[in-house]
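Please read the report below alongside the sequence and the model.

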Amino acid sequence: MKRTVRFFAFLIAAALLLAGAVPAFAYKGEVVYDGNAKDFVFAPGSEYSPTDLFPDLKDVMPGDSLTQKITVRNTADKGVRVKIYLRSLGAQEGTDDFLSQLSLKVVDSSNKELFDAPADQTDGLTDWVLLGTLESGGETDLTVQLDVPVTIGNEFSGAIGYIDWEFKVEEIPIEEPPTGDITTVWPWIAAGAAVVIIVVLFIVFKRKK
Amino acid sequence: MAKVKLCFIAFLMLIMSLISFDTLAYYTVTSTARNVITFGELPSEVVETTSAGTEFPEEGVYVMPGDIVSKIVSVANKSEHPFYVRVKLIKASDASELSAEECLSITTDTEHWTLMEDGYYYYNTAVPAYGQTEPLFREVEVVGDKITKEQAGSILTVTVKTFVVQSENNADTPFEAVGWPTES
């Protein structure tokens, strides 16, 4: 009985430790390139937008400094390498007044700064920026930091801001490693056929002359 | 000879097209994510009950001079954030000859609330998310000797106006807090 009680006590202590290790209300945004569907899947979405990548940037208050992690992942089949790019299309019309009050920073997994400006701007994401070349199953992270000034006015209470980010993928077929066999024969067959045709034509023209 | 040249050019073009085979195999897709940032709100509610545990009637109650009316007033935090609250009590009468200030006597809780020089009652501590303050007052006394028979049917009102401000990223006490909403 004593042992059982101790065991449960240990379980409860472990559960409490685990609970403490997980930051409260921290949700990741996810950008997944689905190679089969040939499209992106954005998660988790929100009640405001099904493609929302900012679950942790809700209900912000003056003086808040919040961080949003976003993971970009390639789930295409093996043999498909992808280049993933990002650009910002800026704030949706009508929400720029609110967003211009907020300061936004975006850095990539190597801590390279991609964006550092008021949230309604496009700044360093005006043009396509390569986030990385990802093998099948590969991923890279983005970190978004939002700073809300203490001085922001009560007139923005309940305001909603929309920021559109466009992602682009380029699929690059990976060349198979050499195995001793020639597995890609069609280009060679085509080249050989072309040579034969040219030789035949040359002979035909020569005879006509 | 011209035909031979033509054949040679065709051959070169074929080779070039084979070289560019890999480049043409690139596949591109674009898609847009609409990201959303929302600014918080601090919804609050004035809770008015009676000593019987019932809600204070919205339409009010009939009173006689000398009555003591049970009206327990507190403020509830309906948001996910703690806030500071201050309250203004406004007494009024629909009869010009009847002074509500003199007719209505309210004893406020001075342990949890502090009346400051600006005329607001400040709750001394932050109200936690979804929490509630201690009552500001519990009853209203209708001062008998200030009301005459001629003033029967008059309406006396006590308006409770609340103002809240976030306590996070703000001062340690409500008395030093900044960002209080302005009175409209």
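## A strand pairing in chain B

Arg86(B) has Tyr122(B) in S7(B) as its bridge partner. The two strands concerned, S4 (residues 83-93) and S7 (residues 121-123) of chain B, run antiparallel and are joined by two bridges, and two strands are taken to pair if DSSP finds at least two bridges between them.

This pairing is part of an open sheet of four strands in chain B, ordered S6-S7-S4-S9 with antiparallel pairing. Strand S6 (113-115) and strand S9 (156-166) of chain B stand at its edges, and because each has a single partner strand, one side of each is left without a neighbour in the sheet. Neighbouring strands of this sheet are turned by 25° against each other on average, direction ignored (axes are lines fitted to C-alpha atoms, for helices over the stretch in contact, and angles run from 0 to 180 degrees between N-to-C directions).

## Basis of the values

The model is predicted, so that local features need pLDDT of at least 70 and side-chain atom pairs count only at pLDDT 80 or more, whereas totals for chains, interfaces and linings use all residues. Residues are numbered from 1 along each chain as its sequence is written, chains are lettered from A and ligands numbered from 1 in the order in which they are written, and side-chain values use heavy atoms, with hydrogens and water left out.

## Chain B as a whole

Chain B has three helices and nine strands, which follow one another from the N terminus as α-α-β-β-β-β-α-β-β-β-β-β; helices (H or I, at least four residues) and strands (E, at least two) are DSSP runs, numbered from the N terminus. Of the 184 residues in chain B, 36% are buried (under 20% relative accessible area, with exposed meaning over 50% and partly exposed in between, for a 1.4 Å probe and protein chains only).

Among contacts in chain B with a separation of 6 or more, 74% are between residues 24 or more positions apart, a contact being heavy atoms within 4.5 Å.

## Asn77(B)

Asn77(B) lies in strand S3 (residues 68-77) of chain B and is buried, with a relative accessible area of 2%. A polar atom of the Asn77(B) side chain lies 2.8 Å from the backbone nitrogen of Ser79(B), and a polar atom of that side chain also lies 3.2 Å from the backbone oxygen of Val127(B). Apart from neighbours within four places in sequence, the residues in contact with Asn77(B) include Pro43(B), Phe83(B), Pro128(B) and Tyr130(B).

## Thr71(A) and its strand

In chain A, Thr71(A) belongs to strand S3 (residues 65-74) and is buried, at a relative accessible area of 1%. The side chains of Thr71(A) and Lys28(A) are joined by a polar contact of 3.1 Å (a pair of N or O atoms within 3.5 Å; within protein, one must be able to donate a hydrogen and the other to accept it, and residues adjacent in sequence count only if both atoms are side-chain atoms).

S3(A) runs parallel to strand S1 (residues 29-34) of chain A, with five bridges between them, and Glu30(A) stands opposite Thr71(A). S3(A) also pairs with strand S8 (residues 139-147) of chain A, in the antiparallel sense and over nine bridges, with Thr140(A) as the bridge partner of Val72(A).

## Where the chains meet

The contact takes 34 residues from chain B and 60 residues from chain A. The two chains bury about 4,200 Å² between them, 60% of it on carbon and sulfur atoms, where buried area is the accessible area (1.4 Å probe) that two parts lose on being put together, summed over both. In chain B, Arg34(B), Ile37(B) and Phe39(B) lose the most area to chain A, together 21% of what that side buries.
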